[in-house]
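Hi,

Here is the structure I promised to pass on to you. Please have a look at it first, and then read my notes below.

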Amino acid sequence: DKILLSNIKNVSYSYLINPKRVTLSLREPTLFGKEISFSPPVMMTLNPFQKNPLIEEMMERVDKTRLK
């Protein structure tokens, strides 16, 4: 099942827990439900508080889609 960016209401990123977790809150339920949580790809970094650039990009894309 695909999730359209326009169906994502909110992206929350918990990077201070281990493993890190991303939760997508959806406007309309999908096969997976109204919320989807997953662990993003692991980044090799010396800074344990560094945010994941892939997740930051996803948040930006969702925000841009919301503004259309």
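Ser 39 is in contact with Pro 19 and Lys 20, leaving aside its neighbours within four places in sequence; contact here means heavy atoms within 4.5 Å. You will find Ser 39 in the loop between strand E3 and helix H1 (53–67). Helices (H or I, at least four residues) and strands (E, at least two) are DSSP runs, numbered from the N terminus. With a relative accessible area of 45%, Ser 39 is partly exposed; buried means under 20% relative accessible area, exposed over 50%, and partly exposed in between, with a 1.4 Å probe and protein chains only. Asn 18 is 21 residues away from Ser 39 along the chain, and their C-alpha atoms are separated by 9.4 Å.

Before I go further, a word on where this comes from. This is a predicted model, in which local features need pLDDT of at least 70 and side-chain atom pairs count only at pLDDT 80 or more, while totals for chains, interfaces and linings use all residues. Residues are numbered from 1 along each chain as its sequence is written, and side-chain values use heavy atoms, with hydrogens and water left out.

Now the overall picture. The protein has one helix and three strands, and along the sequence they follow the pattern β-β-β-α. Its C-alpha atoms fill a box of roughly 40 × 25 × 15 Å along the principal axes. Of the 68 residues, 22% are buried. Among contacts with a separation of 6 or more, 32% come from residues 24 or more positions apart. The accessible surface is about 5300 Å², and carbon and sulfur atoms account for 57% of that; the areas come from the Shrake-Rupley method with a 1.4 Å probe, and for residues only the protein chains shown count as cover.

On to the strands. E2 (residues 21–30) and E3 (residues 33–38) run antiparallel and are joined by five bridges; two strands pair if DSSP finds at least two bridges between them. The hairpin that joins E2 to E3 passes through two residues.

Is Ser 25 buried or exposed? Ser 25 counts as buried, because its relative accessible area is 14%. Not counting residues up to four places away in sequence, Ser 25 touches Asn 7, Ile 8, Lys 9, Asn 10, Lys 34 and Glu 35.

Leu 5 belongs to the segment before strand E1 (8–14). Beyond its neighbours within four places in sequence, Leu 5 is in contact with Arg 61, Val 62 and Thr 65. Its relative accessibility is 27%, so Leu 5 counts as partly exposed. Leu 46 lies 41 residues from Leu 5 in sequence and 31 Å from it in space, C-alpha to C-alpha.

Lastly, the aromatics. A search of the whole structure finds one aromatic pair. Tyr 13 and Tyr 15 form this pair, which is tilted, at 5.6 Å centre to centre and 40° between the planes. (Rings of Phe, Tyr and Trp, the last by its six-membered ring, pair if their centres lie within 6.5 Å; planes under 30 degrees apart count as stacked, over 60 as edge-to-face and the rest as tilted.) Tyr 13 is buried at 11% relative accessible area, whereas Tyr 15 is partly exposed at 22%.

Best wishes
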